[in-house]
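Subject: Handing over a structure, with notes

Hi,

Here is the structure I promised to pass on to you.

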Amino acid sequence: MIDAGGYFVRTAGERDLPAVRALLVETWHDTYDAIYGRERVDEITGAWHSIEALRARLKQPHSEFVLADNGSDIGGVAFAVAEREGKSIELHQLYVLPACQGRGIGQALFDEVAICFPEAREITLEVEEANGRARGFYEHLGFEQMGQSEDCGSAGFDIPALIYRRLL
């Protein structure tokens with residue numbers, strides 16, 4: 001268990017899903033309303049961050065779904081999946097509430113995901129090009145841009161993104 005300024009990283013469970021959804025919706029609106037508009041963010045979070053979608057992540061094989069919890073609030077969440085027989089990790093989500101950013105929670109979530117897959121040699125992710133804060137965070141962690149995607153996250157949403165990679 002990793003401590004990040006009073007928040008401890010632990011595995012997410014079914015009872016956490018409403019709070020995780022609320023965190024994701026708040027974080028997405030804070031980050032993406034200026035880029036995509038409120039209605040588009042509502043559409044995306046409705047599809048990607050529904051309780052059903054989050055529940056499916058809890059059950060996904062070869063994955064880790066962790067959150068930062070201080071005993072009363074959830075400050076951040078991360079979800080990753082092992083690929084290529086565990087040699088690669090794909091980081092699908094790493095979000096920290098805007099009010100909690102800058103406290104080491106994102107770093108703690110990333111560290112936990114990385115140690116959960118001891119056979120992994122690399123970790124990849126997609127990040128919206130216009131999301132300068134996230135790009136700066138990942139670059140600070142040692143990620144380098146290695147490509148682009150025209151349909152980040154889920155087919156049909158037409159969200160362009162940069163693909164980043166870090167060797168472990």
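What follows is a short tour, from the whole chain down to single residues.

Two points on how to read it. This is a predicted model, in which local features need pLDDT of at least 70 and side-chain atom pairs count only at pLDDT 80 or more, while totals for chains, interfaces and linings use all residues. Residues are numbered from 1 along each chain as its sequence is written, and side-chain values use heavy atoms, with hydrogens and water left out.

**The overall fold**

The protein has 5 helices and 8 strands; helices (H or I, at least four residues) and strands (E, at least two) are DSSP runs, numbered from the N terminus. Along the sequence they follow the pattern β-β-α-α-α-β-β-β-α-β-α-β-β. The radius of gyration is 15 Å, close to the 15 Å that the globule rule gives for 168 residues, so the protein is as compact as a globular protein of that length. (That radius is taken over C-alpha atoms, and the rule is 2.2 Å times the number of residues to the power 0.38.) Along the principal axes, the C-alpha atoms fill a box of roughly 35 × 35 × 30 Å.

Buried residues make up 44% of the 168 residues; here buried means under 20% relative accessible area, exposed over 50%, and partly exposed in between, with a 1.4 Å probe and protein chains only. Among contacts (heavy atoms within 4.5 Å) between residues at least 6 apart in sequence, 61% join residues at least 24 apart.

**Strands and a helix in the interior**

Thr124 lies in strand β6 (residues 122–127) and is buried, with a relative accessible area of 15%. Not counting residues up to four places away in sequence, Thr124 touches Ile89, Glu90, Leu91, Met146, Tyr164 and Arg165.

Helix α4 (residues 105–115) has 8 of its 11 residues buried, so it is largely enclosed by the rest of the structure. Among the buried ones are Leu109, Phe110, Glu112 and Val113.

**The nonpolar core**

In soluble globular proteins, nonpolar side chains tend to be buried together. The largest nonpolar core here has 49 residues, and those with the most contacts inside it are Leu109, Val113 and Tyr138. Such a core is a set of buried Ala, Val, Leu, Ile, Met, Phe, Trp, Tyr and Cys residues joined through side-chain atoms within 4.5 Å. Leaving aside its neighbours within four places in sequence, Val113 is in contact with Val66, Ala78, Ala80, Ile89, Leu91 and Ile123.

**Aromatic pairs**

A search of the whole structure finds 8 aromatic pairs. Rings of Phe, Tyr and Trp (its six-membered ring) pair if their centres lie within 6.5 Å; planes under 30 degrees apart count as stacked, over 60 as edge-to-face and the rest as tilted. The rings of Trp28 and Trp48 have centres 5.5 Å apart and planes at 90°, so that pair is edge-to-face. Trp28 lies in helix α1 (residues 17–36) and Trp48 in helix α2 (residues 38–48), so the pair ties together parts that are 20 residues apart in sequence. Both Trp28 and Trp48 are buried.

Tyr138 and Phe143 have ring centres 5.5 Å apart and planes at 75°, so they too are edge-to-face. Tyr138 and Phe143 are both buried. Ring pairs also link Trp28, Tyr32, Tyr36, Trp48 and Tyr95 into a cluster.

Enjoy exploring!
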